[in-house]
Amino acid sequence: MQGSGSLRPIVIPGEAVGGPGLKPGPGTYSEGGQLFAAQLGIRNEHDGLVSVIPLSGRYLPQRGDAVIGEVVDIGPSHWLLDINSPYPAPLHGTESPWRVEFGDTARYLKVGDVIMCHVLSVDEIKRVQLTMQEREARKLNGGILMEVSPTKVPRVIGKQGSMVSLIKDLTRCQIYVGQNGRIWLDGDDRSTALAAMAIRLIEERAQAVGLTEAVRELIERAAKEPRPS
Amino acid sequence: MEDIEHFAKQMKLIDADGRRLDGRKFNELRPIRLEAGVLRRADGSAYMEWGGNKVLAAVYGPREAHPRHLQDPARALVQCRYNMAPFSVSDRKRPGPDRRSVEISKVISEAFSSVVFAEQFPRTSVDIFIEVLQADAGTRCAGLTAASVALADAGVPMRDLVASCASGKIDGVVCLDLNKDEDNFGDADCPTAVVPRTGEIVLLQMDGHLTSDEFEKAMDLSIDAARRIYDLQRDALRRRYSVTLEDILKESPPVQSPMQPEGRLPSEDDFGPEGI
């Protein structure tokens with residue numbers, strides 16, 4: 001298959017992605033000195049490390065990831081959060097920004113509350129722990145929550161956060177992007193809708209060249225339209 | 001009483017020129033159509049038409065395994081449900097799992113367990129659903145082939161796609177990919193699934209009798225056909241993902257940005273997880 005000009009060809013599980021001398025990175029495996037793709041995605045080589053960037057798949061928590069979680073259960077000293085991954089993620093009372101008495105957890109977070117937090121640790125059997133002991137971490141009140149494919153998150157954020165800050169500047173929305181594909185938006189109705197539209201565009205056209213410009217154009221064009229009074 | 005033993009012998013399944021009932025030669029496959037990503041809600045999906053077979057496959061996961069006591073702390077479960085629609089066969093099939101579909105589900109899930117990197121997802125399950133909408137012999141091979149594409153579409157890490165094909169014996173001749181009449185009135189049917197890259201066999205069953213020579217011949221036919229099917233699977237996945245990529249370009253032709261001179265290939269960083 002040809003990579004139609006400015007696009008790179010996709011690799012399919014089992015496809016050879018490199019020979020001896022290269023190291024297997026995420027999304028690949030080695031067998032008999034050869035490297036093969038383990039996932040459907042785009043081949044990437046950097047400093048002799050070959051990896052496959054997946055085009056689909058579920059979110060797998062990694063230490064340090066900023067995620068947006070929803071409280072699904074409350075224990076006497078912890079909350080259980082759904083972070084859009086195959087694993088339930090507990091947030092212990094001592095990892096919250098509050099002084100939580102034993103059995104008093106429901107005073108701070110209730111079932112259905114949404115928070116921005118970080119992955120504190122993931123062990124070898126994928127037990128996840130969350131923490132709110134970071135500057136960004138907070139309870140998210142109001143706003144809307146949307147979900148995109150976790151494989152598209154890097155595109156939504158952009159290089160050094162360029163994409164998300166562009167949307168923030170143009171729409172004057174507050175935006176939090178979680179590595180788990182959840183995005184929280186807050187602002188007035190019109191700008192939230194605009195920001196959501198821009199994010200959908202990014203998700204649809206994640207691999208397009210000049211995406212930032214396309215997003216800027218979309219928002220600016222939409223912003224010029226007369227406001228419905 | 002009628003002598004039903006002679007019925008099959010009166011029917012010519014393969015003629016003197018080596019043509020079968022549907023005009024195929026002994027080593028020809030039925031026409032195959034395969035499409036990836038046909039369902040919105042599933043993590044991955046595929047639809048396959050293989051001769052008279054119509055099969056839909058959907059994959060979910062890795063997701064939390066339920067019930068909890070089935071969870072394996074070391075690896076993911078690969079679970080499969082093969083199901084035939086009541087209208088898939090000429091006599092209405094009584095809905096629900098029966099001995100046959102439970103067996104097929106088991107052998108298919110075992111075939112996939114050997115290619116999926118299950119250790120990467122402890123305590124989870126990868127669920128594969130195969131729905132046979134129309135059956136015409138060889139549904140387990142069609143289901144397995146479609147499910148393998150659905151797994152790749154779901155982004156589940158695995159060693160390779162699994163390709164599958166059956167061969168059997170009709171009127172004493174070893175033939176590839178039996179259809180319903182050949183399966184019903186033939187002498188043997190032998191479904192096979194292989195990992196094409198390494199040639200490993202992950203599923204092998206046989207209904208009827210084959211001599212060891214015939215068996216060898218049947219295996220050669222199946223393995224050769226599996227490689228052809230493998231190409232169709234890869235094509236289906238490429239079509240699914242390249243179409244989205246091409247559509248993207250059609251809808252939004254590359255905008256000239258000062259940072260990206262025209263014709264330049266996107267750099268490594270363009271796709272990578274970017275610094276945050």
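A cavity is a set of grid points where a 1.4 Å probe fits but cannot get out, and its lining residues are those with an atom within 4 Å of a point. The views below are taken from a predicted model.

**View 1. The largest cavity and the residues that line it in chain B.** The lining is formed by Arg30(B), Trp50(B), Asn53(B), Ala137(B), Gly138(B), Cys141(B), Ala166(B) and Asp177(B), a set that divides into 4 nonpolar, 2 polar and 2 charged residues. The volume of the largest cavity is about 40 Å³, and the count of cavities of 30 Å³ or more comes to 1.

**View 2. Packing of helix H2 (residues 99–113) of chain B with helix H3 (residues 139–153) of chain B.** The two helices pack at an angle of about 40 degrees, their axes lying 11 Å apart, and H2(B) and H3(B) are therefore oblique to each other, in a crossing that is right-handed. From H2(B), Arg100(B), Glu103(B), Ile104(B), Ile108(B), Ala111(B) and Phe112(B) make contact with Thr139(B), Arg140(B), Leu144(B), Ala147(B), Ser148(B) and Leu151(B) of H3(B). By class, this contact comprises 7 nonpolar, 2 polar and 3 charged residues.

**View 3. Packing of helix H2 (residues 162–171) of chain A with helix H3 (residues 189–204) of chain A.** Here the angle is about 155 degrees and the axes are 10 Å apart, which makes H2(A) roughly antiparallel to H3(A); H2(A) passes H3(A) in a right-handed crossing. Met163(A), Ile167(A) and Thr171(A) of H2(A) meet Ser191(A), Leu194(A), Ala195(A), Ala198(A), Ile199(A) and Ile202(A) of H3(A), and the residues of this contact are 7 nonpolar and 2 polar, with no charged residues.

How values were computed
Residues are numbered from 1 along each chain as its sequence is written. Chains are lettered from A and ligands numbered from 1 in the order in which they are written. This is a predicted model: local features need pLDDT of at least 70, side-chain atom pairs count only at pLDDT 80 or more; totals for chains, interfaces and linings use all residues. Side-chain values use heavy atoms; hydrogens and water are left out. Axes are lines fitted to C-alpha atoms, for helices over the stretch in contact, and angles run from 0 to 180 degrees between N-to-C directions. Helices (H or I, at least four residues) and strands (E, at least two) are DSSP runs, numbered from the N terminus. Angles under 35 degrees count as roughly parallel, over 145 as roughly antiparallel, 65 to 115 as roughly perpendicular and the rest as oblique. A crossing is left-handed if the near helix is turned anticlockwise from the far one by less than a right angle, and right-handed if clockwise. Contact means heavy atoms within 4.5 Å. Ala, Val, Leu, Ile, Met, Phe, Trp, Tyr, Cys and Pro count as nonpolar, Asp, Glu, Lys and Arg as charged, and the others, Gly among them, as polar. On a 1 Å grid over the protein atoms alone, a cavity is a set of points where a 1.4 Å probe fits but cannot get out, and a pocket is an open set with protein on both sides within 12 Å along at least five of seven lines; lining residues have an atom within 4 Å of a point. Grid points are joined across faces, edges and corners, and a volume is the space filled by probe spheres set on the points.
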